[in-house]
Structure formats: C-alpha cells, structure tokens
Amino acid sequence: MKQTLTYAALALGALFSASQALAAPDPVPMYADVVEEVVADDYRAVGTPVMGRLLTEEQRLIPLKVPAGGNYLVLAACDDDCYDIDLSLFGADGSLLYRDDYDDDYPVVYGDELKAGQTVYAVISMYDCMNEEDGCQYRLGFFAEK
C-alpha cells in the first residue's frame, strides 16, 4: 500500500511539473530570438537577465556592474503588446554613453571599452505599450564580447 501511494505521489508530482512547464510560455520570446540572431556568436551573457513590466512612457533605471574591461552589449526586448521600447546607457557621472531610440521592440547598445569595476546605468523607456492596465513585460541582458 505504501509503495502504491509513493508511486501515485510521484506521478502526480511529475504531472504537476509538466503542466506547469506547459502553462508558462516565455512572456518575452523576442529576447531569445534576438540573443540567438544578434548576440550568441560574438557575446556571452554576464549575470542573469533583468525582467520587469512598464506602462507606456514609464522608465526604469538598472545599474550594471562591469566585471572586466572590454566590449559589452546591452539588449532589451519586450512582449507582444509592446511596439516601441528604447534603451540608453549612462556613465556613473550621468553622461550618455550610448542610445538606441529606434522605433522597435528590441533595442541594442554597445559599450565599447568599458572599464573593469565601473557601474553603468541602463535606462529602459517604454514608448508604446498596448496593455494600458498591466503594462508590457521586458527583459534586459548584459553581454560581454567573447
């Protein structure tokens, strides 16, 4: 009897895990697409991507610590309700280093020759999100040149 209950519990656990995996599609599939097409060959991820949600005309400031000197890339992408998200990279003194303000949903900025230990600040700006109640989801990644 104990063995039967153990098997039943394991089967239910596996079923629950499988249904959770199937029920949770990536909310920002554009991010993985852009990483594969633009980033993967020449850059490697630094840290874990930052995720969040912004309403139209909202901004988010995200500090990024540069682990070593060299060339970096910062990428943002947003969900299917988003039509325009912009990305700027600022130095610790507030000076604009790089900006991608094109009318698209996957801005990319390149940080050439950033210094080891330096903190830079990514600013994500949501310009056009159709979901006026909940906002649009975004994902931001920091990548170092290979």
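**Basis of the entries.** I am working from a predicted model, in which local features need pLDDT of at least 70 and side-chain atom pairs count only at pLDDT 80 or more, while totals for chains, interfaces and linings use all residues. Residues are numbered from 1 along each chain as its sequence is written, and side-chain values use heavy atoms, with hydrogens and water left out.

**Overall layout.** I counted two helices and nine strands in the chain, where helices (H or I, at least four residues) and strands (E, at least two) are DSSP runs numbered from the N terminus. Along the sequence the pattern reads α-α-β-β-β-β-β-β-β-β-β. I also noted that, among contacts between residues at least 6 apart in sequence, 78% join residues at least 24 apart. Of the 146 residues of the chain, 36% count as buried; here buried means under 20% relative accessible area, exposed over 50%, and partly exposed in between, with a 1.4 Å probe and protein chains only.

**Nonpolar cores.** A nonpolar core is a set of buried Ala, Val, Leu, Ile, Met, Phe, Trp, Tyr and Cys residues joined through side-chain atoms within 4.5 Å. Which residues have the most contacts inside the largest core? They are Leu-64, Val-74, Leu-87, Ala-122, Ile-124, Met-126 and Leu-140, in a core of 25 residues. Two or more residues come to this core from each of strand 3 (59-65), strand 4 (70-78), strand 5 (82-90), strand 7 (108-114), strand 8 (119-129) and strand 9 (136-145). I found a second, separate core of eleven residues, and it includes Val-28, Val-35, Leu-73 and Ala-77. As a general note to myself, nonpolar side chains tend to be buried together in soluble globular proteins.

I then followed an open sheet of four strands, whose order is 3-8-5-6 with antiparallel pairing; two strands are said to pair if DSSP finds at least two bridges between them. Strand 3 and strand 6 (96-100) stand at the edges with a single partner strand each, so one side of each is left without a neighbour in the sheet. Going across the sheet, I noted the following pairings.

- Strand 3 and strand 8 pair in the antiparallel sense over seven bridges, and Gln-59 stands opposite Ser-125 in strand 8.
- Strand 5 and strand 8 run antiparallel and are joined by eight bridges, with Asp-84 opposite Asp-128 in strand 8.
- Strand 5 and strand 6 run antiparallel and are joined by four bridges, with Leu-89 opposite Tyr-98 in strand 6.

**Disulfides.** How many disulfides does the rule give? The count comes to two, a disulfide being a pair of cysteine sulfur atoms within 2.5 Å. One joins Cys-78 to Cys-82, with an S to S distance of 1.9 Å, and its torsion about the S-S bond is about -60 degrees, so this disulfide is left-handed. Cys-78 is buried at a relative accessible area of 2%, and Cys-82 is likewise buried at 2%. The other joins Cys-129 to Cys-136, at 2.1 Å from S to S, and with 100 degrees about the S-S bond this link is right-handed. Cys-129 is buried with a relative accessible area of 4%, and Cys-136 counts as buried at 0%. With the bonded cysteines numbered in sequence order, I write the pairing as 1-2, 3-4.

**Salt bridge.** I found one salt bridge, under the rule that a side-chain nitrogen of Lys or Arg lies within 4 Å of a carboxyl oxygen of Asp or Glu. The side chains of Asp-26 and Arg-139 meet in it at 3.0 Å, N to O. The pair links distant parts of the chain, 113 residues apart, with Asp-26 in the loop between helix 1 (2-23) and helix 2 (29-39) and Arg-139 in strand 9. Are these two residues buried or partly exposed? Asp-26 counts as partly exposed at 34% relative accessibility, whereas Arg-139 counts as buried at 12%.

**A loop residue.** Last, I looked up Asn-131, which lies in the loop between strand 8 and strand 9. Asn-131 touches Leu-55 and Asp-81, not counting residues up to four places away in sequence. The C-alpha atoms of Asn-131 and Thr-56 are separated by 8.5 Å, while the two residues are 75 residues apart along the chain.

Terms used
Contact means heavy atoms within 4.5 Å.
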